[in-house]
Amino acid sequence: MNNIGIIIGREYKERVYKKSFIITTILMPVLLLLLSAAPALIMRYGGTTKRNFAVIDKSGIIASKLVSDDEVEFTPLESSLQDALAANYEDDNYGVLYIGENILTDTNDAKLYTNSSSSVTIEANISKQIEKIIETERLKQYNIENLDKILEQVKASVHLTTFRNEKEKESTASSSAAASVVGMILGFILYFFLVIYGSIVMTSVIEEKNSRVLDVMISTVKPFQMMMGKILGVAAVAATQIIIWGAIIVLIASVVIPSIMPSDLMENVKAVQGGADIQALVAQSGAQGIEIDTSMLTAMASITDTGYITMILTTLFLFLIGGFLLYAALYAAIGASVDQAQDAQQLTIVITAPIIVAFVVLMMIMQDPNSQIVYWCSFIPFTSPIVMMGRIPVGIPTSEIITSLVLLYVTFIAAVWLSGKIYKIGVSMHGVKPSLKDLWRWLHY
Amino acid sequence: MNIIRAEHITKRFTAHTALDDVTVEIPQGSVYGLLGPNGAGKTTLIRIINRITMPDSGHVFFHDKEMTQDDVYRIGYLPEERGLYRKMKVGEQAIFLARLKGLSRHESLVRLKKWFNKFSIEDWWDKKVEDLSKGMAQKIQFIVTILHEPKLLIFDEPFSGFDPINANLLKEEILGLRDKGATVIFSTHNMSSVEEICDHITLINLSKNILSGNVDEIRHSHGNNIFTIQYRNAEKDLKEVLQNKCEILECSTDIMGQGLMKIHIENDSDIRPIISLANENSEIRSFTEIIPSMNDIFIRAVNGTL
């Protein structure tokens, strides 16, 4: 046992004191943060240039009712289409909207000419506006009394507020969009950790074998101790990295985000976390002249809830370590049985296949977090770490998490036992390129 | 008593047989040389004794008991290729390996400092292994191998990569280890080292053990009854005097007037009459049997002319 400790120490020190480790550990969260902030920043500073459209309305009903906004400005124009088009040929932001005479009956008689490519949102905006105007005009033809009033009353706007229904706690408002994004990110993190750290174990075993360090080691320590030392040493490195990242994220969530967000928003976020009714809050704020986006509020409430984040990070940690240990044991066995990294490719398919399956299932969570395949894959040890990370933010019973974890760690022990057998034989094999069949045979020695 | 007895070891690889029914007995407290041309199977035998490779058939006994994995941990093994982490610093790596051998951090530091001092390589302590030359790495590896003072040491080609000065240093250390009670097994091509430090040898050629035994016995038993006589002030021509008694192979006189004669005597014949005759007719400076060098024996054995 003492030897395992010494080996763990070496493996750990070798990696953690490396410059590249220190750099990635500190830079990754910063990069992630920038990446997640990017859309917001682009929206804010990038903006789109305003586009001007001259509207030639032959029907005479549409032009006056078109509403200009930040993106497009409509200017009614009395001239022929050809003149309008030729007039501002040089201006990229200029365009001509042509409405046919019989637009009410022939809804396809509307044309948009632009000097540069238009965008989907602009086109959608314009056609939606025209549709609405036509609808209203058509309704008018029925000569209904107090039509405006009726329409006003009929209008509806729905903001869906979702609640996570948990037995243990009172229902808290949750944002399913935020949850599934968080789930995806966690799944990604796990995926990368398994693949990257797993292959670190494999290549380092191959390197030891090639440099004959193993020959020296094997006359000193048991192969099993060597393997465990390496796996646990690298696991400790992974744990260090994830703990540092976790700490940075918690710090950002609990200190940085609240301080850079507008204070009135944060007050509301706190109120939501405290269990306040969102509808009431929105109504109240509306009365004060502040518009609140409900989904934004719930998302913010989720991602700045330190308790929630800690829970997620803890489970992430447990699944990450469990999943890593399981896969690292397999990677180590393969590393020990080949002489060169190229030879390992054929064998690593066995490992990468379940990881990829897990990854595909992770994508399915976006659509339906409760489907059968997602459910079962979150228990099967080879896929459970990644899939479970996708499910957890959506909200699942603790008992399911525990069952999945227990299965994972039990499988790890079995995998270590089997890998140890392959490892023992593999490390002393030189000049052989074993197939899967060989590995299977080695298990029975 | 034998510390290691390997009996009827056979090991086949896909394309060839590395060892074919090889038996060796290694007496405790000896310096044992494993000789043989490249690819003879020396390293394979060493790896089998170390349990790095398993033989296809045959057994290895350690102190007359079938060898177990635990026995291996009492061996200090120096592989032919340097088995060191390339990216690690020398000192750190030496301490790591020493601790795996059961020394405490403090104890290994004390011993390492002593050895580094002895080899005057203190300033290598913070160098990375990849920055060392082959010979330098070999030195480190040697120190690490013997640091925990194992009773059995196995060195695979310990002299390769060493200059003559360091090779001598190494020879002295090997003899020093034997004097402290350790058994040393090593493989080599360096025949001079064999004569100087080996008590016993085994010569492996084409996967077979073709010669085994005590170095002195082997050399004497393979002598060809050739003697040299150094003499001066010959009263008669010594060549004429002796030519009826033995076969004269060479005869010469150097500028100082000293004669040198190489003679061959029939098996089992008495050399005393020859000595008397020579003595009567000249002043004998020396009369020596030429014992073949291990180098000669090696070449003859490998060529099948022994």
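How many residues does the contact take from chain A and from chain B? The answer is 20 residues from chain A and 24 residues from chain B, with contact meaning heavy atoms within 4.5 Å.

## Ground rules

This is a predicted model, where local features need pLDDT of at least 70 and side-chain atom pairs count only at pLDDT 80 or more, while totals for chains, interfaces and linings use all residues. Residues are numbered from 1 along each chain as its sequence is written, chains are lettered from A and ligands numbered from 1 in the order in which they are written, and side-chain values use heavy atoms, with hydrogens and water left out.

## Where A meets B

Putting chain A and chain B together buries about 2200 Å², and carbon and sulfur atoms give 60% of that. Buried area here is the accessible area (1.4 Å probe) that two parts lose on being put together, summed over both. The salt-bridge count between chain A and chain B is 0; the rule asks for a side-chain nitrogen of Lys or Arg within 4 Å of a carboxyl oxygen of Asp or Glu. Polar contacts do turn up across the interface, in 2 residue pairs, both at pLDDT 80 or more. Such a contact is a pair of N or O atoms within 3.5 Å; within protein, one must be able to donate a hydrogen and the other to accept it, and residues adjacent in sequence count only if both atoms are side-chain atoms.

On the side of chain A that touches chain B, the elements giving two or more residues are α1 (2–16) and α7 (213–218) of chain A. α1(A) gives the most, with 6 residues. Helices (H or I, at least four residues) and strands (E, at least two) are DSSP runs, numbered from the N terminus. By residue class, that side of chain A splits into 7 nonpolar, 6 polar and 7 charged. Ala, Val, Leu, Ile, Met, Phe, Trp, Tyr, Cys and Pro count as nonpolar, Asp, Glu, Lys and Arg as charged, and the others, Gly among them, as polar.

## The six-stranded sheet of chain B

Chain B has an open sheet of 6 strands in the order β6-β7-β8-β3-β9-β10, with mixed pairing; two strands pair if DSSP finds at least two bridges between them. β6 (75–78) and β10 (208–214) of chain B are the edge strands, each with a single partner, so one side of each has no neighbour in the sheet. From one strand to the next, the twist averages 15°. Strand β9 (residues 200–205) of chain B runs antiparallel to β10(B), with 6 bridges, and N205(B) sits opposite K208(B) in β10(B).

Two helices pack on this sheet. Helix α6 (residues 164–179) of chain B touches β3 (31–35), β7 (152–156) and β8 (183–188) of chain B, and its direction makes about 160° with that of β7(B). Helix α11 (residues 294–303) of chain B touches β3, β9 and β10 of chain B, at about 30° to the direction of β9(B). Axes are lines fitted to C-alpha atoms, for helices over the stretch in contact, and angles run from 0 to 180 degrees between N-to-C directions.

## The four-stranded sheet of chain B

Another open sheet in chain B has 4 strands in the order β2-β1-β4-β5, with antiparallel pairing. Its edges are β2 and β5 (65–66) of chain B, each with a single partner strand, so one side of each is left without a neighbour. A hairpin links β1(B) to β2(B) through 4 residues, and A6(B) has V24(B) as its bridge partner in β2(B). Helix α1 (residues 42–49) of chain B lies across β1, β2 and β4 of chain B, at about 60° to β2(B).
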